[in-house]
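Below is a walk through a few local features of one protein chain. Keep the sequence and the structure in view while reading.

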Amino acid sequence: MVAAAAAALLLAGLTPSAATAAAPSPPVPQLDWKQPCVEHFECDTAQVPLDYRTPQGQSIQLAVIRHRATDPAHRIGSLFYNPGGPGGSGTQALPAVYDLFPEQVRKQFDIVSFDPRGIGSSTTLHCFTDPAAEQSLLSRLPAGFPVGEEQQSAWADTYARFGRQCADSDRTGLLAHLSTADVARDLDVLRQAVGDKQLSYLGTSYGTLLGATYANLFPGRLRAMVLDSAIDPVAWTTGRNPQDRALTPFLRTGSDLASARALDAFLDRCGAADPAACAFSAGSPEATRAKFTQLLDRLRRGPVTVGTPPQALTYDYASAVSIVTSMLYAASPVPGFPDTGWAALGAQLQGLWTALDTPAAAPPTGGLPSQAQTLGVLCADTANPAMDADYAGLADLAGARSGAVGPYWVWQTQRCAAWPAEAARDRYDGPWNRPTSAPILVVANTGDPAWPYEGSHAMADTLARGRLLTVDGYGHTVLGNPSSCAAGYEERYLVDGHLPPRGQVCAPDRQPF
């Protein structure tokens with residue numbers, strides 16, 4: 001009985017060092033970096049095992065990208081970057097954010113990223129014969145999240161059908177091998193492919209879960225790791241107590257609360273600002289909050305038309321997805337992205353406000369983004385309440401504690417309630433405190449609207465050798481909301497291994513208004 005239990009643990013990946021030692025080593029791909037690519041970058045495709053239990057078996061492709069160190073005479077090695085998501089494409093994200101990396105890091109590291117399995121230009125999960133077939137299934141759903149019993153029933157039924165379609169269409173077996181643990185094993189193979197003895201890594205947002213998973217699967221192979229805006233790994237994967245299992249993962253991590261706090265800060269700061277700085281300002285924080293409430297009340301009654309070309313926006317789409325949740329991510333304009341920042345959010349809300357007298361004929365339908373790539377990863381990693389659980393009640397709970405932004409976070413993972421069970425085969429859910437060969441630096445904004453600051457604190461405390469660097473500012477990820485102070489500490493850590501002092505707090509370079 002003991003031997004059988006030990007074998008089961010090995011197969012489940014819960015004792016990763018032993019499992020890695022027992023299994024044959026996967027082949028290391030050869031990279032020549034000669035594929036067509038973005039200017040100043042080099043690209044290639046790596047072959048990696050579909051299933052690391054049989055590493056000599058079927059393989060899949062990973063799209064890989066790098067920017068060479070600009071000071072090759074002092075090159076240290078490669079720094080791997082993952083932008084998060086889940087479902088983020090590294091080959092698209094790296095060129096967009098490359099200039100945000102600290103200068104000395106760009107000088108001394110080749111910066112490398114990749115599209116994780118199932119994502120972008122890597123081997124992906126094909127659930128439908130073509131995009132039109134997927135849109136046909138999704139077309140009856142609201143663009144943001146369901147409101148009311150009829151929409152909620154349609155949402156649950158549609159995503160149950162979506163899961164069955166993915167299971168029926170999966171001819172390669174990829175569905176069972178899309179977890180972050182699988183991606184961590186890919187990352188270790190790529191580390192070997194670029195010739196590094198140990199991994200240097202920077203992960204933002206959901207990329208912090210990849211980093212933490214790698215650190216605990218391969219604790220002796222770590223040179224340096226920065227986790228920017230981290231997830232509480234225990235809360236996300238299993239919950240910290242049995243009662244947590246009744247909640248959706250985003251409620252366990254408090255993402256709804258983080259969005260609500262950031263929204264409150266936006267309305268207060270917008271209201272205190274001149275309308276020239278924040279177009280949605282009503283002259284005071286109190287008046288601006290009341291204006292926002294009126295805006296939501298009007299949108300609940302029906303869609304309005306805004307923008308050029310005209311677009312119909314509804315309560316669920318405008319308040320939770322397009323405007324509030326996503327545009328809170330950048331507190332100040334991100335260099336190279338002029339339509340970001342809280343000032344841009346204020347302008348968007350004011351545009352809706354002035355359009356209230358122009359009702360739309362009908363709510364938006366169809367045209368939803370493809371879901372398979374995101375769900376393939378999200379559903380593989382998370383433990384969710386069952387299909388017959390009271391998701392409407394959970395949405396009410398989120399709304400009661402987090403206001404307008406709360407329900408969105410519930411319905412995002414309800415999409416996983418009926419996802420095929422085999423997707424969880426390779427899920428890693430701890431332990432998270434295996435002693436690593438190097439300390440891990442966790443950085444976070446106190447006003448993060450997606451993964452709350454408390455999650456980064458929990459990540460740093462849960463890791464065996466974590467150190468937290470705090471930025472007293474707003475926005476999601478420090479990389480996307482620059483702090484020269486934090487960048488300096490990250491640079492010294494990545495280059496020389498020097499951690500910031502315990503309890504160090506930095507300021508952002510810019511305030512929202």
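W33 sits in the loop between α2 (16-22) and β1 (42-49). The model is a predicted one. Phi of W33 is near 55°, which is positive although the residue is not glycine. Most residues other than glycine have a negative phi. W33 has a relative accessibility of 11% and therefore counts as buried, the cut-off being under 20%.

H40 belongs to the loop between α2 and β1 as well. Its phi is also positive, about 75°, and H40 is not a glycine either. Here the relative accessible area is 62%, so H40 is exposed.

Two peptide bonds deserve a look, since most peptide bonds are trans. The bond from G85 to P86 is cis, with omega near 0°; P86 is in the loop that runs between β3 (77-82) and α3 (90-97). G430 and P431 are also joined by a cis peptide bond, with omega about 5°, and P431 is located in the loop between α18 and β9 (440-447).

Turning to the strands, β5 (residues 199-204) pairs with β6 in the parallel sense over six bridges. T204 is opposite D228 of β6. Strand β6 (residues 222-228) is mostly covered, with six of its seven residues buried.

Helices α17 (residues 391-402) and α18 (residues 406-414) pack at about 150°, their axes 7 Å apart. Angles over 145 degrees count as roughly antiparallel, and α17 and α18 are therefore placed in that class. Their crossing is right-handed. On the α17 side, the contacting residues include Y391, L394 and A398; on the α18 side, they include P407, V410 and W411. By class, this contact has eight nonpolar, four polar and no charged residues.

Key: Residues numbered from 1 in each chain as written. Predicted model: local features only at pLDDT ≥ 70, side-chain atom pairs only at ≥ 80, totals over all residues. Heavy atoms only, no water. Axes fitted to C-alpha atoms, helices over the stretch in contact; angles between N-to-C directions. Helix = DSSP H or I, 4+ residues; strand = E, 2+ residues; numbered from the N terminus. Parallel < 35°, antiparallel > 145°, perpendicular 65-115°, else oblique. Left-handed = near helix turned anticlockwise from the far one by under 90°. Contact = heavy atoms within 4.5 Å. Nonpolar A, V, L, I, M, F, W, Y, C, P; charged D, E, K, R; others polar. Buried < 20%, exposed > 50% of the residue type's maximum accessible area, 1.4 Å probe, protein only. Pairing = 2+ DSSP bridges.
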